[in-house]
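Here is a short report for a first look at this structure. Have the sequence and the 3D view at hand.

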Amino acid sequence: MQPWRISAGLTAALAGCILLLGGPRLHYLGPFWPQILAEHGLGLALHLALALAAVAAGIYAAARTTGLADLGSRVGLAERSVRRGEGDPDLTDALRRDAEGDWK
């Protein structure tokens with residue numbers, strides 16, 4: 001899995017959690033939203049975009065630093081080598097049976 005996908009997914013999950021947890025706390029602003037957005041809408045949008053970009057960049061950097069960027073390719077390489085018969089023979093046999101549809 002590429003780190004930008006990890007970053008995008010985690011950023012969306014964090015933003016969703018913040019909206020679900022923080023949204024009800026702002027219910028008292030309901031009657032004032034049109035005025036708030038009219039006066040401060042552009043500034044709020046820019047700050048929100050910068051905050052999301054900062055979170056995404058931080059998660060991306062953490063994924064690159066911890067080696068999550070190469071995890072998908074390493075797992076794929078290990079799976080291909082097992083399917084070729086290298087490594088654990090029991091796992092190779094189980095993968096062959098799975099490919100044939102024999103799940104017993």
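Buried means under 20% relative accessible area, exposed means over 50%, and partly exposed lies in between (1.4 Å probe, protein chains only). The model is predicted, so local features need pLDDT of at least 70 and side-chain atom pairs count only at pLDDT 80 or more, while totals for chains, interfaces and linings use all residues. Residues are numbered from 1 along each chain as its sequence is written, and side-chain values use heavy atoms, with hydrogens and water left out.

**The bent helix**

Helices are DSSP runs (H or I, at least four residues), numbered from the N terminus. Helix H2 covers residues 33-66, which is 34 residues. Its end C-alpha atoms are only 42 Å apart, short of the 50 Å that a straight helix would reach at 1.5 Å a residue. The expected span is 1.5 Å times one less than the number of residues. H2 has a kink of about 80°, centred on His40. That bend is the angle between axes fitted to the seven residues ending there and the seven starting there. After H2 comes Gly67, with a positive phi near 90°.

**Packing between H1 and H2**

In H2, the buried residues are Gly41, Ile59 and Ala63. They pack against helix H1 (3-22). Thr11 lies in H1. Leaving aside neighbours within four places in sequence, Thr11 is in contact (heavy atoms within 4.5 Å) with Leu52, Val55, Ala56 and Ile59. The C-alpha atoms of Thr11 and Ala53 are separated by 8.8 Å, though the two are 42 residues apart along the chain.

**A nonpolar patch**

Leu26, Tyr28, Trp33, Leu37 and Leu44 make a nonpolar surface patch of about 490 Å². Such a patch joins nonpolar side chains (Val, Leu, Ile, Met, Phe, Trp, Tyr) within 5 Å, from residues with over 30% relative accessible area and no salt bridge. Areas come from the Shrake-Rupley method with a 1.4 Å probe. Leu26 is found in the loop between H1 and H2.

**The salt bridge**

How many salt bridges does the count come to? It comes to 1, taking a side-chain nitrogen of Lys or Arg within 4 Å of a carboxyl oxygen of Asp or Glu. Asp93 pairs with Arg97, and the closest N and O atoms are 2.7 Å apart. Both lie in helix H4 (residues 89-100), 4 residues apart, about one turn of the helix. An α-helix has 3.6 residues a turn, so residues three or four places apart point the same way.

| Residue | Relative accessible area | Class |
|---|---|---|
| Thr11 | 10% | buried |
| Leu26 | 37% | partly exposed |
| Asp93 | 29% | partly exposed |
| Arg97 | 26% | partly exposed |

Terms used: Helix = DSSP H or I, 4+ residues; strand = E, 2+ residues; numbered from the N terminus. Patch = residues over 30% accessible without salt bridge, like charges linked within 9 Å, V, L, I, M, F, W, Y side chains within 5 Å.
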